[in-house]
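This briefing is meant for a reader who is meeting the structure for the first time. Please keep the sequence and the model at hand while reading, and look up each residue as it is named.

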Amino acid sequence: MNAYLSLLPRPATVEQQTGICRLSGEMPLKVIGSAEVAWLARRFLSGLRPAPRDAGEPGNTTETTWLAVNVAPGRPAGGYTLQVAEEGVTVEASDLEGVSGALTTLRQLLPAETWRGAGAPADGWSVPCGRVTDAPAYAWRGAMLDVARHFFPKRTVLRYVDLLAAHRYNRLHLHLSDDQGWRVESRLHPRLHEVGAWRPSTRLGPDGVPDGTPHGGYYTLDDLAEISAYARSHGIVVVPEIDVPGHTSALRAAYPELGRPGEEQAVLDTVWAGGSSLSPTEPVVSFLRDVLGEILDATGTPYLHLGGDECDMSWWAEDPAIAAEMAAHGYTEPRLMHGHFLRELGGHLAGRGVRMVVWDEAFVTGGVLPDTIVMAWRGHEVAERAARTHDVVRAPLFPTYLNFDQSDLPAERRSEGGPITLDDVAAFTPAPAGWPDERRARVLGGQWQVWSEWVPDERHLDYLAFPRACALAEVLWSGGVADPAEFAGRLAIHLARLEAAGVEYRPLAGPHPWQTGGTGAWRRSGPGRIEETKKWVELISREP
């Protein structure tokens, strides 16, 4: 088969040419670009090195090919040209992201065995000559990992950086706080991680039985700096999220004075329960400025997500401190205070050159600045409304919530809902053709989400994310899945790469026996209710 027709995502233009190029870890490297570009190219070559040879066994002594990487202006962000010739390989790109994409393409042209950790032949690999010219359809191609409901250690996050880069994603959104856990160190306010980072037990849903097992963990600021630097070296930007003023039970367990006076505060053990909220007053804003500053210092990110979703404001008007601030600002409704609170934090971010990102509820309450990015999860209607005035990242529950199960098969493991199938994801259109051009132009891209209420470990994360994340990669990079049958053929080849890389994806025909729900706590309770869920999302998206 033409190797250039097996690439995923599908490149803009490909041309297989005559001849073969030999690649090995020892081939000379020529780099015109930054130290990060050189590191990425060296890392690619190190993956082509053979296992250690026995004494006396000859190595490759006839190496004449080379790898040249040239970073210079003139191409779209993330775009690249890859030229494979008999004498060597040339990568031309305008940035590190483009170099990462080109090297990913080059790796896909090699056998699936190159995705394993060792085992390269002593004389290197053969790759057919050809040329690829490519650029992404959307600038924001992301994935969100919820590390708050169930914590995933640093090694999992770093592994997912590799997997996202392998599919040409360029954003990693980390949901670092929620009712069930606070997941980042604070040296200024240490009770956040000392108290808020763990819970004594977990219940799977409101009808679940407490398991009596402590669960928790957090990333030190040094960990967060490492994750961000590692992601950046692969052309990926980390987008940290501190969800406020709702979803803050863990924060308020650590500092009860920031919430409703007299209310009992605890890190919640029910993985999908909601809690109360912070007080949207200046002392709380000041506290959060400290915390956000620590995160910005560690990551150097150009974006920070402030959440803003699903906030209980029912007690605000009755609280004297909140009522006094509302009166001082001339606000007559609690939701106006919600918007004020987020704008104050957004202004702090703007002062550091950082753009605020919010869920779409914050757009409705006015919790946005002119350059705020609205992450729209409640469907097409609210996304189009937001795109009239703001840049939008599409993250609709259907079909980008990959924590929902993948079929109506009884064997599927219990999840939050579903199904959202591979075909559903492949059919997603981030900027629908029916929208006016100016609103379509405000769609930066999209991302998938895995909320971890029902995702206790990395193996199940793999199962839920892949292969559906492959389909969304195609949508966001290529602009859509143009030919489903042709995509299915490329995906079948790509799954061999994932298997070699140790990704425990869901087989297309259904789960492996050890991936099913069985007859215990993870047994599926009944068929999915995705149509009911769609109607619910459509209804709440119309709320003022």
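Predicted model: local features only at pLDDT ≥ 70, side-chain atom pairs only at ≥ 80, totals over all residues.

**Backbone geometry**

- Most residues other than glycine have a negative phi, and most peptide bonds are trans.
- The peptide bond that joins F398 and P399 is cis, with an omega of about 10°, and P399 has its place in helix α12, which covers residues 397–400.
- A cis peptide bond also runs from G418 to P419, where omega is near 5°; P419 is found in the loop between α12 and α13 (422–426).

**Cavities**

- Two cavities of 30 Å³ or more are present in the structure, and the largest cavity holds about 60 Å³ of space.
- By class, the lining of the largest cavity comprises three nonpolar, five polar and three charged residues.

**Helices α1 and α2**

- Two packed helices are described by the angle between their axes and the distance between the axes.
- Helix α1 (residues 35–46) packs with α2 at an angle of about 10°, and their axes are 10 Å apart; α1 and α2 are therefore roughly parallel to each other, as angles under 35 degrees count as such.
- In this contact, E36, V37, L40, A41 and F44 of α1 meet L96, V99, S100, L103, L106 and R107 of α2.
- The contact of α1 with α2 has eight nonpolar, one polar and two charged residues.

**Helices α5 and α7**

- Helix α5 (residues 221–232) and helix α7 (residues 282–299) pack at an angle of about 45°, with a distance of 8 Å between their axes, and the two helices are therefore oblique to each other.
- The crossing in which α5 passes α7 is right-handed.
- On the α5 side the contact involves L221, L224, A225, S228 and R232, which meet E294, I295, A298 and T299 on the α7 side.
- Sorted by class, the residues of the contact of α5 with α7 are five nonpolar, two polar and two charged.

**Helices α8 and α9**

- Helix α8 (residues 320–329) packs with helix α9 (residues 334–351) at an angle of about 80°, and their axes lie 10 Å apart.
- That angle makes α8 roughly perpendicular to α9, because values from 65 to 115 degrees count as roughly perpendicular.
- I322, E325, M326 and H329 in α8 meet P334, M337 and H340 in α9, and the residues of this contact divide into four nonpolar, two polar and one charged.

Methods: Residues numbered from 1 in each chain as written. Heavy atoms only, no water. 1 Å grid on protein atoms, 1.4 Å probe; cavity = no way out; pocket = protein on both sides within 12 Å on 5 of 7 lines; lining within 4 Å. Points joined across faces, edges and corners; volume = space filled by probe spheres on them. Nonpolar A, V, L, I, M, F, W, Y, C, P; charged D, E, K, R; others polar. Axes fitted to C-alpha atoms, helices over the stretch in contact; angles between N-to-C directions. Helix = DSSP H or I, 4+ residues; strand = E, 2+ residues; numbered from the N terminus. Parallel < 35°, antiparallel > 145°, perpendicular 65-115°, else oblique. Left-handed = near helix turned anticlockwise from the far one by under 90°. Contact = heavy atoms within 4.5 Å.
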